[in-house]
Number of protein chains: 2
Amino acid sequence: MKPKIEDVAKLAGVSPTTVSRVLNNRGYISDKTRDKVQQAMNELNYFPNDVARTLFNKRSNLIGLILPTTANPFFGELTFHIENICASLGYKVLLCNSLNQVDKEEKYLEMLLRNQVDGIIVGTHNRGILDYHKQGLAVVAIDRYLSETIPVVSSDNYDGGKTATELLIHNQCQCIVLIDGIGELETPARLRRKAYMDLMEQHRQTPIIYEIAEVFEQNSYIPILNDLFTEHPEVDGVFATNDLFAAALWNEAKKRNKSIKVVGYDGTETLRTLLPELTTIKQPIKSLAEAAIDILIKEIEEELPDLPLETKLPIKLIKGTTA
Amino acid sequence: MKPKIEDVAKLAGVSPTTVSRVLNNRGYISDKTRDKVQQAMNELNYFPNDVARTLFNKRSNLIGLILPTTANPFFGELTFHIENICASLGYKVLLCNSLNQVDKEEKYLEMLLRNQVDGIIVGTHNRGILDYHKQGLAVVAIDRYLSETIPVVSSDNYDGGKTATELLIHNQCQCIVLIDGIGELETPARLRRKAYMDLMEQHRQTPIIYEIAEVFEQNSYIPILNDLFTEHPEVDGVFATNDLFAAALWNEAKKRNKSIKVVGYDGTETLRTLLPELTTIKQPIKSLAEAAIDILIKEIEEELPDLPLETKLPIKLIKGTTA
DNA sequence: ATTTTTATGTCAACCCGTTGACATATGAAA
DNA sequence: TTTCATATGTCAACGGGTTGACATAAAAAT
């Protein structure tokens, strides 16, 4: 069986308390004893049982991460950065792919609570979260409003939407269509649409919006894009609120030999390797991760943290050839 | 503070043991009592502390997942499927992005052991794993040989390499180059190269190999691709052992107005949305996840599991326009 | 020579939930 | 009436590590 402190103590010829003192750097320990203990630990391949420690300390150093799916490169990259930063700070990540399904989100939330996570990073609309936050759980949201008290980190969505739309207008586009996710929720990302609407109004153009469910399945885009081309054959500019939509449209347009200006949103490394010609609004993914973790850890570790309820990070226009 | 069993018991007017009996469906409980207890749990927002349960039961239902990075869409999708299947089976996933760095792998491994994971899925070359497996930890590898006793799940890499190379030959390519990761390790994925070599020999062509470090950073590809085009301007066919390499090459070739046939490997959903024209060998990612978990859970749950040491799943040629 | 500091041991309580042993009390079946 | 299945309670030990209290002893400082 797995060795425990007692075994280490026996082998090192000391008391369990002394081993614990070595492990936690508490009280007085001579170098000689420390070495003996460490050697015994090596010999036995001993590693402290973090479950037992968590139980006593009431700190798991576990962070729950709930997002739609790591299969989407934006979340894949975000997840990478979040986990990476967490690891460097001694936190561990419990991953949850909710696919934006409320029932799954609730199950995941309960799972995380049962596992005594110290905090949760949410990149999906998690209704339930609200209650639990009141119960003292640290929560931070990425691009989602969960409640008035939960800090939100996001890219400057309005500026992104504005930059994208302005670029298309500047490109002399006469019929600019917005392709967006389904618009039931009031998220910060919705500001991309808001900016588009505002700009269109300013330039006396009619906004045209197509919505695609973000189910992250190939070909789910196709029928809606077909509608777009049928109903608006004159389309000559598209702002898609994420790069997958943008790429799907771009490829459909190519098939149809349509000359359309396209701007996407996200600007992942993956996109820039696979489809560098796509002009897009790049989110500072690593910075988003850093900001979210910074806030979450403040919530976890500080008594009366002074939290920024809204953190907006600058976007960057990546010029490809599509606009 | 968080409610515990005792609080539930008090509110429900029963003993802690009875609450535990309700939670674990043990012994006799009347419907009336069960309801009372359940209601008390709801009222208090009580969730059992899985840390305490784990400590007692010696089962955490935690699975460690170690892979290079979820920022790579192949691993992003694999991660999604693994986590998803695990969740449906009552397992939770602790995520580790090792970036293929041995020191990180070792730290992650120790972390997972401390956290009493029931098993580990490894998609990276984790030298240390070997030892721990001997100590009775369930381990399964994806596309890596870790030791003689650790089951490996992979796509049929040889068939994939063969199919890709054959296609290029069939396309009348005269100078077929292989772009591969750096070849220090003997991995199943290396069979893609083996197949290429074999085919080239069979057709009396000279194999030409360029190696790119899989650091997953854009532009790390560029200098090596430059070399390729300078040293072999006659190249007219390329088999890249992953789609990111393939896409990078494809885009560089377009820049140079070179007409080259290209075949990639992986065939993620992301690729097929972003760059559907790329011809590629599609790995059955979901099936890989299923097979790996199936084996791992057998290791965890069965006394004397009869494990397939090598599981090869069929690949599929996805015909785009690049070959 | 005396006080302090350093070093280690013993012991018990605690973290939260689980489980087995045992007692007790119904109501139902034999 | 006796027996048995059902229902619940009490109690203690356990899982592995942590921590505070207290005791003891040697080495260092005064």
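How far apart are the end C-alpha atoms of residues 3-57 of chain A, and how much of the span is helix? Select that range to begin. The end C-alpha atoms lie 21 Å apart, and the span is 71% helix and 0% strand. Keep in mind throughout that this is a predicted model.

**Stop 1**

The end C-alpha atoms of residues 6-47 are 12 Å apart. This span is 71% helix and 0% strand.

**Stop 2**

Zoom out and colour chain A by secondary structure.

The accessible surface of chain A is about 14,300 Å², and carbon and sulfur atoms supply 49% of that. Of the 323 residues, 57% count as buried. Consider the contacts in chain A with a separation of 6 or more: 66% of them join residues 24 or more positions apart.

Next, colour by charge. Chain A carries 36 positive and 44 negative side chains. The centres of the two sets are 5 Å apart.

**Stop 3: A:Asn61**

Select A:Asn61. This residue sits in the loop between helix 4 (50-57) and strand 1 (62-67) of chain A. Check the backbone here. Most residues other than glycine have a negative phi. A:Asn61 is not a glycine, yet its phi is positive, about 55°. With a relative accessible area of 27%, A:Asn61 is partly exposed.

**Stop 4: B:Lys58**

Move to chain B and pick B:Lys58. Look in the loop between helix 4 (50-57) and strand 1 (62-67) of chain B. B:Lys58 also has a positive phi, near 60°, and is a residue other than glycine. Is B:Lys58 buried or exposed? It counts as exposed because its relative accessibility is 64%, and the cut-off for exposed is over 50%.

Show the contacts of B:Lys58. Not counting residues up to four places away in sequence, B:Lys58 touches A:Met1 and B:Arg53. B:Lys58 and B:Gln116 are 58 residues apart along the chain, and their C-alpha atoms are separated by 8.0 Å.

**Stop 5: A:Thr187**

Return to chain A and select A:Thr187. You are in the loop between strand 6 (176-181) and helix 9 (190-202). A:Thr187 counts as buried because its relative accessibility is 11%. Which residues does A:Thr187 touch, not counting residues up to four places away in sequence? They are A:Asp143, A:Arg144 and A:Tyr145.

**Stop 6: A:Gln205**

Follow helix 9 onward. A:Gln205 lies in the loop between helix 9 and strand 7 (208-212) of chain A. A:Gln205 counts as buried, at 17% relative accessibility.

Display what surrounds A:Gln205. Leaving aside neighbours within four places in sequence, A:Gln205 is in contact with A:Ile169, A:Cys173, A:Gln174, A:Cys175, A:Ile176 and A:Met200. Finish with a distance from A:Gln205 to A:Cys175. The two are 30 residues apart in sequence and 7.6 Å apart in space, C-alpha to C-alpha.

Conventions:
Residues numbered from 1 in each chain as written. Chains lettered and ligands numbered in written order. Predicted model: local features only at pLDDT ≥ 70, side-chain atom pairs only at ≥ 80, totals over all residues. Heavy atoms only, no water. Buried < 20%, exposed > 50% of the residue type's maximum accessible area, 1.4 Å probe, protein only. Contact = heavy atoms within 4.5 Å. Areas by Shrake-Rupley, 256 points an atom, 1.4 Å probe, with all protein chains shown as cover. Lys, Arg positive; Asp, Glu negative; His and termini not counted. Charge placed at Lys NZ, Arg CZ, Asp CG, Glu CD. Helix = DSSP H or I, 4+ residues; strand = E, 2+ residues; numbered from the N terminus.
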